[in-house]
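Hi,

Here is the structure I promised to send over. Have a look at it first, and then read on for what turned up.

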Amino acid sequence: MEDIPGVELRHLRYFVAVAEAGTVTEAARRLRIAQPSLSQQIRLLERRIGTPLFRRLPQGMELTEGGQVLLDGVNRALGELSSSVAAARAAVPVVTVGVRRGVAQPVLARVERILAGGGRLKLSYRQVDSEAQGDLLRAGGLAFGILRAPVDTTGLELRTVNDEPLGLVLHGRHPLARKPRLTWSDLTGQRLLWFPSERAPGYAATVLAHLRERGWAPETVPDDNSSHTLFRHLLIAGDDLVALRTLSSSHGDPDLVWRPVGPEPPRERLVLVASARTSWSPYLKDSDG
């Protein structure tokens with residue numbers, strides 16, 4: 001406090017306790033501190049304020065005129081403080097959630113049920129590649145992240161929010177579009193429209209290795225943009241280019257079709273992540289979403 005340096009909230013609480021109890025002995029009992037220590041704190045408060053606050057009487061402590069003025073002001077201030085604390089506890093925090101490109105709406109809806117159900121949090125989304133989210137989460141730049149697994153889990157806690165097989169996305173006039181289900185041998189000679197692997201290196205390495213193990217080692221064509229218009233343009237331009245997507249992220253374009261591929265299609269697992277041992281990590285555990 002600028003005008004009364006050295007006066008702390010505890011000093012004012014001690015003052016109120018003595019004023020209400022009427023004796024230092026009773027106030028010390030209520031505060032659970034030693035009587036000599038409380039007497040010393042009251043004398044220190046009087047010196048710092050610059051006026052007597054109590055008359056010391058044989059039967060106890062009586063407020064001076066200045067003490068009564070101070071008591072009225074302190075009670076008002078403590079009431080305001082209690083109201084402010086209650087309001088702060090009731091305020092809904094706004095937190096930033098990192099989202100990798102292409103997360104389907106049902107996944108976002110599930111994340112909102114987990115984090116924001118019952119009005120617990122307000123979510124603000126920020127598009128961030130999976131690889132960058134880990135460092136931002138550890139540094140506090142993000143409260144949560146939605147990213148593709150596998151990821152470096154050092155210092156992080158995670159919860160799976162979606163686990164789907166990947167299928168082939170191709171234009172509706174593509175020769176393979178006539179088949180309701182594709183096999184790995186069907187994909188011989190097909191190129192793969194693929195995101196830059198540095199965005200999610202663990203996921204990229206896992207999926208491409210899975211394809212090679214099943215006999216398809218496609219030439220990859222970079223898809224280094226977030227525009228669906230350019231994505232569909234590239235697919236429609238030729239009959240030897242396909243993309244890998246989950247079914248849930250492939251709806252809404254009448255010129256493109258999704259076909260399952262197998263046996264043993266690769267999978268995309270999306271995880272909701274928070275930095276471990278923070279106030280955010282318990283949100284990953286205490287709701288079924």
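A quick word on naming: helices (H or I, at least four residues) and strands (E, at least two) are DSSP runs, numbered from the N terminus. This is a predicted model, so local features need pLDDT of at least 70 and side-chain atom pairs count only at pLDDT 80 or more, while totals for chains, interfaces and linings use all residues. Residues are numbered from 1 along each chain as its sequence is written, and side-chain values use heavy atoms, with hydrogens and water left out.

Pockets next. A pocket is found on a 1 Å grid over the protein atoms alone, as an open set of points where a 1.4 Å probe fits, with protein on both sides within 12 Å along at least five of seven lines; lining residues have an atom within 4 Å of a point. Volume is the space filled by probe spheres set on the points, which are joined across faces, edges and corners.

The largest pocket comes out at about 580 Å³. It has 29 lining residues, and Arg101, Gly102, Asp223, Phe231 and Arg245 are the closest to its centre. Strand 10 (241-246) is among the elements giving two or more residues to this lining, and with three residues strand 10 gives the most.

The second largest pocket has a volume of about 200 Å³. Of its 14 lining residues, Ser130, Glu131, Gly134, Val151 and Asp152 lie nearest the centre. Helix 6 supplies the largest share of that lining, five residues.

Asp152 turns up again in a salt bridge (a side-chain nitrogen of Lys or Arg within 4 Å of a carboxyl oxygen of Asp or Glu). Its partner is Arg138, at 3.7 Å, N to O. Asp152 sits in the loop between strand 5 (144-149) and strand 6 (156-171) and Arg138 in helix 6 (residues 130-139), so the pair ties together parts 14 residues apart in sequence.

The whole structure has 21 salt bridges. Another one joins Arg29 and Glu26 at 2.5 Å, N to O; the two are three residues apart in helix 2 (residues 24-31), about one helical turn. Arg29 is exposed, at 56% relative accessible area, and Glu26 is partly exposed, at 22%. For those words, buried means under 20% relative accessible area, exposed over 50% and partly exposed in between (1.4 Å probe, protein chains only).

Lastly, Lys179 and Asp186 form a salt bridge with their closest N and O atoms 2.7 Å apart. Lys179 is partly exposed at 35%, whereas Asp186 is buried at 17%.

Cheers
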